[in-house]
Amino acid sequence: ISLEILGDSDAEKYPLQPKKHSLEFLREKAHLRFRTNTFGSVFRIRHSLAFAIHQFFNDKGFVYLHTPIITSSDAEGAGEMFRVTTLPFDNPPRNEDGSVNFKNDFFGKSTNLTVSGQLEGELGAMAFSEVYTFGPTFRAENSNTTRHLAEFWMIEPEMAFHDIEDNMNLAESFIKYLIRYAMEHNREDIEFLDQRLAEEEKSLPQDKRSELGLVEKLEFVLNNAFERITYTEAIDILVASPAYKKKKFQYDVKWGIDLQSEHERYLVEKHFKKPVIVTGYPAAIKAFYMRMNEDGKTVAAMDILAPGIGEIVGGSQREERLDRLEQRMKDMHIPAEDMSWYLDTRRFGTVPHAGFGLGFERMVQFVTGMTNIRDVIAFARTPNNCEF
């Protein structure tokens, strides 16, 4: 047997030694962590899930639409966007009132990295009936949690002639398809991560451990229908819960609040013990494009909540009625002139339509059992962190 050493090697300084390393340490060596068994498994599964997404929609006749990464609109209305500009940041040209003059900027107007491909997806759905986008999205949200990234990937289907019920059915079948595909094509990797997770949880107190192993959890999701409740029912359950009565929630619970992660996880992990679809959210806490329900207070929105991570899908039936949409934009102070192209889809022939967004990294988290979202994307972009 002969050995030939390829390339220069400084083995003694190689930071990954043949021992167990913490995930925190490996995040600091993200350019090398692919070489470990754990991250080999995670990224093979990520690849499979990405392939399965395209296969799912292709088999259903959807058109894959590439929507722009640079936009001049804020699809979510939250204002948490990264600006794209070629103007000198230390001395930009200004108007007489002191505001920045974007006429000399590269695009001649204020532009940002996209937070969603949905609005453009709606334009495609009015022509092709069923489309989907799958690309990077960006949120300048200063959130240092285990479930937030500044740069992440989103899958956003948009379907003409779909109502909120059709939307829920498609989203549930989509999630199950992805899990099934990974279980069939990456069984060895999932079983390895299952064992790894079981070892990790041995050091946790009993009440912090998962009730099901990773494989058991995935099989349970595949074999059971998702629970479906309204937002109002969710609030009633939370208010009646022992956790609320014992003041274990950090955030208050009352009708009209935006459900926090702790509330979502209680519903999923403690009450129903399976994925939950919540519908009929208050209009005041949801985006302008969601269809107003007949009660005048709630919109035809849906969120899918998953064990371990909370919200994994957000979607809605869209407001196809021009007068209702214009009024909603006015109420939310969204300038109609900036969104005239979007309103044209209602002016020049429209149909009831719906869609949703699935955060890809949260889906990868769910299938791999990784507890930190920074461990399921190659190089995480988070507040104060842009390495490699």
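Analyst: Aspartate 303 has its place in strand β9; helices (H or I, at least four residues) and strands (E, at least two) are DSSP runs, numbered from the N terminus. This is a predicted model, in which local features need pLDDT of at least 70, side-chain atom pairs count only at pLDDT 80 or more, and totals for chains, interfaces and linings use all residues. Residues are numbered from 1 along each chain as its sequence is written, and side-chain values use heavy atoms, with hydrogens and water left out.

User: Is aspartate 303 buried or exposed?

Analyst: Aspartate 303 counts as buried because its relative accessibility is 4%. Buried means under 20% relative accessible area, exposed over 50%, and partly exposed in between (1.4 Å probe, protein chains only).

User: Changing topic, how many cavities of 30 Å³ or more does a search of the whole structure find?

Analyst: The search finds one. On a 1 Å grid over the protein atoms alone, a cavity is a set of points where a 1.4 Å probe fits but cannot get out, and lining residues have an atom within 4 Å of a point. Grid points are joined across faces, edges and corners, and a volume is the space filled by probe spheres set on the points. The largest cavity holds about 50 Å³ of space.

User: What lines the largest cavity?

Analyst: Its lining includes Ile304, Leu305, Ala306, Met363 and Phe366. Strand β9 (298–306) gives the most, with three residues, and β9 and α12 each supply at least two. By class there are ten nonpolar, no polar and no charged residues; Ala, Val, Leu, Ile, Met, Phe, Trp, Tyr, Cys and Pro count as nonpolar, Asp, Glu, Lys and Arg as charged, and the others, Gly among them, as polar.

User: And glutamine 365, in which helix does it lie?

Analyst: Glutamine 365 lies in α12 (residues 360–368). At 2% relative accessibility, glutamine 365 counts as buried.

Methods:
On a 1 Å grid over the protein atoms alone, a cavity is a set of points where a 1.4 Å probe fits but cannot get out, and a pocket is an open set with protein on both sides within 12 Å along at least five of seven lines; lining residues have an atom within 4 Å of a point.
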